[in-house]
Amino acid sequence: MIEVRHLSKSFDGIPVLKDINLHIDKGEVVTIIGPSGSGKSTLLRCLNLLEKPDGGSIIFDGQDILHGKVKIEEIRKRACMVFQHFNLFRNMTVLQNVTYAPRVVNHLSKKEADEKAMQLLEKVGLSDKAQQYPSRLSGGQKQRVAIARALAMNPEVLLLDEPTSALDPEMVKEVLDVIRQLAGTGITMVLVTHEMGFAKDVSDVVHFMDGGVLIESAPPAEFFAQPKTERAKKFLASILT
Amino acid sequence: MFDFSVLEPYMPLLAGAVWVTLKFTFFSTIMGFLGGFILALITLSKNKIASFFAKAYISVFRGTPLLVQLMLIYFATPQLTSYTISPLEAGVLSFGLNSAAYISEALRGGILSVDRGQWEAAMSLGVPPYRFVLDVILPQAIKNALPSLVNESIMLLKDSSLVSVIGVADTLRWADLIQAKTFRAFEAFVVAAAVYYVLVMLLNLLGSYLEKKVRVSD
């Protein structure tokens with residue numbers, strides 16, 4: 001589904017991604033973990049071209065999206081992003097947030113888009129908030145709306161950039177529950193997170209990054225029980241104590 | 001001492017004069033907003049050359065008196081192009097071009113204060129920029145800039161009195177005419193001032209109404 005080869009990226013001459021190679025299968029739930037500043041969010045943002053990599057290639061469904069003529073919008077609507085700070089459209093109601101892109105990008109009629117959106121809001125437990133503005137919602141509710149908004153595009157891949165990091169502790173669970181539900185539905189998910197327990201639970205593969213380098217990739221049971229590299233051991237020791 | 005009854009024969013003319021004032025203000029505001037929006041987008045764009053010209057434009061129109069711009073456009077256009085520009089055209093053109101410079105700065109500030117995350121969210125859903133700028137960014141930018149935008153249209157309304165110097169029969173010209181005929185300057189100009197004040201207050205009301213409307217999402 002997604003093949004990342006020799007990907008590199010720097011900001012103002014400072015390298016944040018160094019020769020990243022990884023492979024994501026269709027339907028796989030992948031988590032990227034690592035210390036702050038390790039480049040995991042940047043890597044995720046490269047996958048739907050919110051950041052433009054400096055070198056290497058990303059093959060999305062057989063198509064090289066960094067070279068040749070690729071319409072950037074075509075990639076993005078197939079790989080939608082859920083952000084740490086939700087980024088719901090503030091001038092739109094919850095329902096409008098969810099229906100906006102399907103109507104504008106996929107040309108759904110208002111009726112079709114509304115029906116689909118209500119189904120999704122139902123799924124994330126927020127159909128009663130459809131007519132509210134985001135400012136009236138709690139952080140956890142906002143993030144669930146943001147997930148519904150991304151799902152409304154029927155993306156093949158869902159990218160989640162630290163979806164619970166900006167939430168109050170008591171709201172983390174409601175968002176994780178929604179993501180957990182999705183993990184069983186066959187959608188490909190790439191999740192950057194600090195929730196180790198959750199990563200262990202839901203993911204098929206864990207990628208550990210540090211200093212812009214992809215250090216280790218392994219199934220979660222293996223990675224958390226017996227990390228192969230020194231750095232991964234150190235990282236796990238530091239967060240588990 | 002005061003004798004407002006001298007104005008009586010001229011009152012029917014006042015309605016027409018106020019209408020002219022409103023017409024100038026309305027068209028210049030429209031032109032100012034359209035021009036200001038385009039200029040704001042250009043100054044924020046990554047195209048350095050276009051951005052330079054937009055900034056130069058803003059600098060010139062903010063750095064020279066509106067009255068000079070008006071006279072330049074009204075009197076120099078026929079000389080340069082042999083097109084006889086009407087006072088309405090000259091007025092709307094100079095006020096529109098001038099206020100576009102101010103409005104673009106207000107809108108630019110409004111656009112810059114829209115959270116970066118709003119752009120990213122729209123982009124990440126595959127929405128093309130021309131669409132989400134109109135649907136997501138601009139509504140929030142206008143909301144942020146609303147007080148300055150209302151202020152700008154109030155300025156335009158008052159500045160429209162400048163068109164009286166190129167012979168347009170607006171509210172100020174109406175008063176000027178009366179004082180020339182009756183030598184009653186106080187009565188004439190005080191009524192003109194009152195008319196402007198009432199119109200400005202109406203604009204203020206419209207402003208607070210809009211303010212309330214855009215705040216529903218707060």
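Reader: Which backbone oxygen does the side chain of A:N91 reach, and at what distance?

Author: In this predicted model, the side chain of A:N91 reaches the backbone oxygen of B:D135 at 2.9 Å. A second polar contact, of 3.3 Å, links the side chain of A:N91 to the side chain of B:Q140.

Reader: Where is the place of A:N91 in chain A?

Author: A:N91 sits in the loop between β6 (79-82) and α3 (94-105) of chain A. Its C-alpha atom is separated by 41 Å from that of A:P220, which is 129 residues apart from A:N91 along the chain.

Reader: Leaving aside neighbours within four places in sequence, which residues is A:N91 in contact with?

Author: The contacts of A:N91 include A:Q96 and A:Y133 in chain A. From chain B come B:D135, B:V136, B:P139, B:Q140 and B:S217.

Reader: B:S217 is in that list. Which side chain does a polar contact of 3.3 Å join to that of B:S217?

Author: The side chain of B:K143. B:K143 belongs to helix α6 of chain B. With near neighbours in sequence left aside, that is, those within four places, B:K143 is in contact with B:V214, B:R215, B:S217 and B:D218.

Reader: Why does B:K143 count as buried?

Author: The cut-off is a relative accessible area under 20%. B:K143 has 14% relative accessibility, so B:K143 counts as buried. For chain B as a whole, 44% of the 218 residues count as buried.

Reader: What does the secondary structure of chain B come to?

Author: Chain B has eight helices and zero strands. Along the sequence, its pattern reads α-α-α-α-α-α-α-α. The C-alpha trace of chain B spans about 70 × 45 × 25 Å along its principal axes. Of the contacts in chain B between residues at least 6 apart in sequence, 75% join residues at least 24 apart.

Reader: Now the pockets. What volume does the largest pocket have?

Author: The general idea comes before the number. Rolling a probe the size of a water molecule over the atoms shows where empty space is left. Here the largest pocket has a volume of about 560 Å³. It is lined by 16 residues, and the closest to its centre are B:L44, B:S45, B:R116, B:W119 and B:V133.

Reader: Which helix gives the most to that lining?

Author: α6(B), with five residues. In chain B, α1 (11-44), α4 (87-112), α5 (116-124) and α6 (129-159) each supply at least two residues of the lining. By residue class, the lining of the largest pocket divides into 13 nonpolar, one polar and two charged.

Reader: Back to chain A. What order do the strands of the open sheet have?

Author: Again, the general idea comes before the case. Strands of a sheet pair through backbone hydrogen bonds, either parallel or antiparallel. This open sheet has four strands in the order β2-β1-β4-β5 (chain A), with antiparallel pairing. Its edge strands are β2 (14-24) and β5 (63-64) of chain A, each of which pairs on one side only.

Reader: How many bridges join β4(A) to β5(A)?

Author: Two bridges join strand β4 (residues 55-60) to β5(A), and the strands run antiparallel. A:I59 stands opposite A:D64 in β5(A). The two strands form a hairpin with two residues between them, and A:D61 in the turn has a positive phi of about 55°.

Reader: And over how many bridges do β1 and β4(A) pair?

Author: Strand β1 (residues 2-11) of chain A pairs with β4(A) over five bridges, in the antiparallel sense. A:S8 has A:G55 as its bridge partner in β4(A).

Reader: Is β4(A) mostly covered or mostly exposed?

Author: Mostly covered: five of the six residues of β4(A) are buried.

Conventions:
Residues numbered from 1 in each chain as written. Chains lettered and ligands numbered in written order. Predicted model: local features only at pLDDT ≥ 70, side-chain atom pairs only at ≥ 80, totals over all residues. Heavy atoms only, no water. 1 Å grid on protein atoms, 1.4 Å probe; cavity = no way out; pocket = protein on both sides within 12 Å on 5 of 7 lines; lining within 4 Å. Points joined across faces, edges and corners; volume = space filled by probe spheres on them. Nonpolar A, V, L, I, M, F, W, Y, C, P; charged D, E, K, R; others polar. Buried < 20%, exposed > 50% of the residue type's maximum accessible area, 1.4 Å probe, protein only. Polar contact = N/O pair within 3.5 Å; in protein donor to acceptor, adjacent residues only side chain to side chain. Contact = heavy atoms within 4.5 Å. Pairing = 2+ DSSP bridges.
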